[in-house]
Amino acid sequence: MFNAIVSADTLRTTLDSVSVLVDECKIHLEADGLAIQAVDPANVGMVDLSLSADAFESYEADGGVIGVNLSRLEDIAGMAEADQLVHLELDEETRKLHISIDGLEYTLALIDPDSIRQEPDLPDLDLAAEIVIEGRDIDRAVTAADMVSDHIALGVDEAGEFFYVDAEGDTDDVHLELTREDLIDLVVGPAHSLFSLDYLQDMNKAIPKDAEVTMELGEEFPVKMHFDIAEGKGSVTYLLAPRIQSD
Amino acid sequence: MEFAAFAERARAIEGESADGAVREAVTELLRAAGDELPVVTRYVQGRVFPAHDATKLDVGPSLCYEAIAKAAGRNVSAADVEARVAEVGDVGEVAAAYDFGSQRGLASFGDGGTDTLTVAAVDARLRELATAEGAGSQDRKRDLLFGLFTDASPDEARYLARLVLGEMRIGVGEGTVRDAIAAAFDAPVETVERAIQVTNDCGEVAVVARTDGEAGLADLGLVVGRPVGAMLARAGSVREALDAWGEAVVEWKFDGARVQVHYDGSEVSLFSRNMEDVTDPLPEVVEAVERAADVPAILDGEVVAVDDDGAPLPFQEVLRRFRRKHDVAAAREDVAVQFRAFDCLHADGDDLLDAPLVERHERLRSVLGDEAVVSTPDLSDGPDEIAAIESESLAAGHEGIMLKNPESAYTPGRRGKNWLKRKPDVETLDLVVTGAEWGEGRRANLLGTFLLAARAENAGGAGADANSPRFETIGKVATGITDEELEAVTDLLEPHVRSEDGTEVDIEPAVVFEVGYEEIQPSPTYSSGYALRFPRFLGVREDLDPTEADSIERVERLADRQ
């Protein structure tokens, strides 16, 4: 059983956070809210999202799982104004999702959840450094790195107590330093890892510019980025596996 | 089996040149394949899906290059990969030369998880890749491939890249695999051969050979709903046929598309020669078989496009129907098709592959009854009578005749001496070479595909306005040329090269080829308004200069006479 009403804005934010990594996903319809975990086809990037029942105007669910085509659902959500309400109701018989927006009725065929790629267990990582940073600063770093390279290195300088971003191109390089003052918070620890820029770019698209992002970083370890959505009633965690520096 | 072990053995096989050693190495590979035997049996031939399965990965070179570039490390672009492939001539070699270890997968940070690839894991991911469709599917395919390359060692990457592009090229064909299955699991080669023909899946045959041996293989039969290879004909003469067989079954040769009909007693499925399911595009064939057939059967025949008077239309019209996915009803209004059954592989529980042709024809008539659906063969021992049948066929607008050995078995997928296609001889054309393409791989230093042109009328004959002759293109020829001839032709053409763009070469009219063909068709592709069907190189007309080449006028005359 699933019957919920949510603002189009919240629904879109939720879907966008996941669709930057995958086209299809499983949505767990828990009694206390939605939960989505998904990993990209190459097993490199992962998203872990939860949206509390409080984020909805009304919410009823009893623990089922549905599989959805995200771009289809995004298109439908796109039919609504930001402040309009979207009514979602699962038809258990036909396994279809009925969506209504101000008189517009859409019946969405669902995907067999078993046919959707299984997400790996969230690895338990002990990451030494923690950087709390504004979404717009991540955007700035990613944009600058993209001008010269398809890789991006993130690290913390323990002695200088700053967070840095490096990108090396064939001819040009980019270096960005953010000190404790530029950041919201910084826990210094040994941290330096290299990442594929295009994954970080995709994740960046879904991070609100004014979000407070908690980034956890280690030595050649995945980076974890955590931020809230829906005015704190939901949260997103991205995990991105590093590239090992051989050159 | 770990994919690394497969790759290592594939490398060893590639290094062998003697047939016997290759066969032995493949035999050992099959013995070592374990649970993944069916997959390994296919992969070693560069095949991801069984032969009866038309599913395709649909991964083109550019998508593969993008995935390689993404996995290859810092600032490598798809264009870099493409340039290296052009230089090296083998995508496997290029993939193996990059360092793919750099991107880690998330799984390697979990509980004891690793990125080690098994053959089964590769297969699961390639199958997932094949299911991707619709918006964003190209990106998803690229990312899946990227994930695979990321987990691959250099040797694994070499064979992964070749496998996804369908260019395994380690010298292992169906025959080698057949012999290796026989040797590995101690079964007679003929039994394995027959099993592969009826199942159309060497992976399944390998498994049956291993578990149930010769007896198990002998029990394998045709399965209604699973297509097998079509028996093929080669060109031949009436004389040849009558000398060999005494008398011949003579059938009209239809200019259509080969279709295998599977009827399970309630539903009809249709398959094209490359095993694609063409049931939906051809509803009238389905209806005709449903009306006529009364027992489960597998039939072989030709689908022909016909005009309002029932006269046959050119082959392309049938193809238009084959490719139609939407608005089938409208297409059906435009071009009607008819089915002509000429063979029966299975009827009412009996496999008939080994039955003589004349007996199969009897079963065909008993299955369908309806004369309209069955091609009507004649049995003849007289050249004059056969010539008369041929004239009738041609007069009715068909392609000529087929000659078949009345006693012959049906050999799926084989081109043998028991079916001969006799067609009226067509005249050849002398055409000017106005362009070419550089070859690939081993032939990268040779011109390969040649653009042909006919002389435009106002260019006149030798002398008349010969200073500015105009040529209009009519097709490309790439077959019928030996390696030696290619070298000679390249030497002949190279001094006349005007410009090059990638592999495309523009050539000034200087050299004339004699070209054979099956048919001249109207076509918007070439500037002459015509195209040649199945053009083949017959020789260089060194005695002719371009102004003496055949004119478009002559092409038109020949086209009208067809």
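**Notebook: chains A and B, predicted model**

I began with B:Leu29, which sits in helix α2 (residues 19-32) of chain B; helices (H or I, at least four residues) and strands (E, at least two) are DSSP runs, numbered from the N terminus. I noted that this is a predicted model, in which local features need pLDDT of at least 70, side-chain atom pairs count only at pLDDT 80 or more, and totals for chains, interfaces and linings use all residues. Residues are numbered from 1 along each chain as its sequence is written, chains are lettered from A and ligands numbered from 1 in the order in which they are written, and side-chain values use heavy atoms, with hydrogens and water left out.

**Entry 1: B:Leu29**

I looked up its accessibility and found B:Leu29 buried, with a relative accessible area of 0%. Buried means under 20% relative accessible area, exposed over 50%, and partly exposed in between (1.4 Å probe, protein chains only). Leaving aside neighbours within four places in sequence, I listed B:Met1, B:Phe6, B:Arg9, B:Ile13, B:Val40 and B:Val44 as in contact with B:Leu29, where contact means heavy atoms within 4.5 Å. I also checked B:Ala124, which is 95 residues from B:Leu29 in sequence and 20 Å from it in space, C-alpha to C-alpha.

**Entry 2: helix α11 of chain B**

I then turned to helix α11 (residues 189-199) of chain B, which is mostly covered, with eight of its eleven residues buried. Among these buried residues are B:Val192, B:Glu193 and B:Ile196. The cover over the buried residues of α11(B) includes α10 (174-184) and α12 (202-219) of chain B. After α11(B) comes B:Asn200, with a positive phi near 60°.

**Entry 3: positive phi in loops**

Most residues other than glycine have a negative phi. I therefore recorded B:Arg169, whose phi is positive, near 45°, and which is exposed at a relative accessible area of 54%. B:Arg169 belongs to the loop between α9 (154-164) and α10 of chain B. A:Ala230 lies in the loop between β17 (223-229) and β18 of chain A and is partly exposed, at 22% relative accessibility.

**Entry 4: B:Ser272**

I found B:Ser272 in the loop between β4 (268-271) and α14 (283-292) of chain B. B:Ser272 is buried, with a relative accessible area of 9%. Beyond its neighbours within four places in sequence, B:Ser272 is in contact with B:Arg258, B:Val278 and B:Phe322.

**Entry 5: chain A as a whole**

I counted four helices and 18 strands in chain A. Its C-alpha trace spans about 60 × 35 × 35 Å along the principal axes. Of the 247 residues in chain A, 52% are buried.

**Entry 6: the interface of chain A and chain B**

I noted that 35 residues from chain A and 23 residues from chain B take part in the contact. About 2,400 Å² is buried between the two chains, with carbon and sulfur atoms giving 49%; buried area is the accessible area (1.4 Å probe) that two parts lose on being put together, summed over both. The rule finds five salt bridges across the interface, a salt bridge being a side-chain nitrogen of Lys or Arg within 4 Å of a carboxyl oxygen of Asp or Glu. I looked up the salt bridge of B:Arg140 with A:Asp23, in which the closest N and O atoms are 3.9 Å apart. On the side of chain A that touches chain B, β4 (45-52), β15 (191-196), α4 (197-206) and β18 (234-240) of chain A each supply at least two residues.
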